[in-house]
Amino acid sequence: MIPEKFLKLAALGALSVAPATVAVYAVLIFAFQPTPTGGIPGSGGGIDAVSWWVLIAAMFVPLSLVAAWHVDFGKQLKAGKNSCPGC
């Protein structure tokens, strides 16, 4: 249970998770970019373009759910104590 004096601060924190999640998603997309030699047999490793696109789609679902849940929770906290049934 969140004390009433911290509800607005908790709402701000919950709403700030959404842009941070988008930033983490962008950094991970950049970090897992295909290497120039990815996918060539005997190249010593790397990720090819098809695996990269699959990874982008697979990361999008959980990260978007985390961002959406935090936005919803932040809106509930911002509205006040009576609108949040579990608080």
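L9 sits in helix α1, where helices (H or I, at least four residues) and strands (E, at least two) are DSSP runs, numbered from the N terminus. What we have here is a predicted model, so local features need pLDDT of at least 70, side-chain atom pairs count only at pLDDT 80 or more, and totals for chains, interfaces and linings use all residues. Residues are numbered from 1 along each chain as its sequence is written, and side-chain values use heavy atoms, with hydrogens and water left out.

**The chain as a whole**

- The protein chain has two helices and zero strands.
- Of its 87 residues, 18% are buried; buried means under 20% relative accessible area, exposed over 50%, and partly exposed in between (1.4 Å probe, protein chains only).
- Take the contacts in the protein chain between residues at least 6 apart in sequence: 58% of them join residues at least 24 apart. Contact here means heavy atoms within 4.5 Å.

**The surface around L9**

- L9 counts as exposed because its relative accessibility is 56%.
- Together with F6 and L12, L9 forms a nonpolar patch on the surface, with about 320 Å² of accessible area between the three.
- Patches are made of residues with over 30% relative accessible area and no salt bridge, with like charges joined within 9 Å and nonpolar side chains (Val, Leu, Ile, Met, Phe, Trp, Tyr) within 5 Å.
- A salt bridge is a side-chain nitrogen of Lys or Arg within 4 Å of a carboxyl oxygen of Asp or Glu.

- The largest nonpolar core is made up of five residues, namely Y25, I29, W52, I56 and M59. Such a core is a set of buried Ala, Val, Leu, Ile, Met, Phe, Trp, Tyr and Cys residues joined through side-chain atoms within 4.5 Å.
- Helices α1 and α2 are the elements that give two or more residues to this core, and α2 provides the largest share, three residues.
- Setting aside neighbours within four places in sequence, Y25 touches I56, M59, F60 and L63, all by contact.
- T21 lies in helix α1, which covers residues 7-31.
- With a relative accessible area of 10%, T21 is buried.
- Beyond its neighbours within four places in sequence, T21 is in contact with L63, V66 and A67.

- F32 is in the loop between α1 and α2 (49-79), and its 39% relative accessibility makes it partly exposed.
- Leaving out neighbours within four places in sequence, F32 is in contact with I47, W52 and L55.
- F32 and D48 are 16 residues apart in sequence, and their C-alpha atoms are 9.9 Å apart.
- A49 belongs to helix α2 and is partly exposed at 41% relative accessibility.
- A49 and T35 are 14 residues apart along the chain, with 8.7 Å between their C-alpha atoms.

**Aromatic pairs**

- The whole structure holds three aromatic pairs. Rings of Phe, Tyr and Trp (its six-membered ring) pair if their centres lie within 6.5 Å; planes under 30 degrees apart count as stacked, over 60 as edge-to-face and the rest as tilted.
- W69 and F73 are a stacked pair because their ring centres are 5.3 Å apart and their planes are at 10°.
- W69 and F73 are four residues apart in helix α2, so about one helical turn separates them.
- F73 is partly exposed, at a relative accessible area of 24%.

How values were computed. Areas by Shrake-Rupley, 256 points an atom, 1.4 Å probe, with all protein chains shown as cover.
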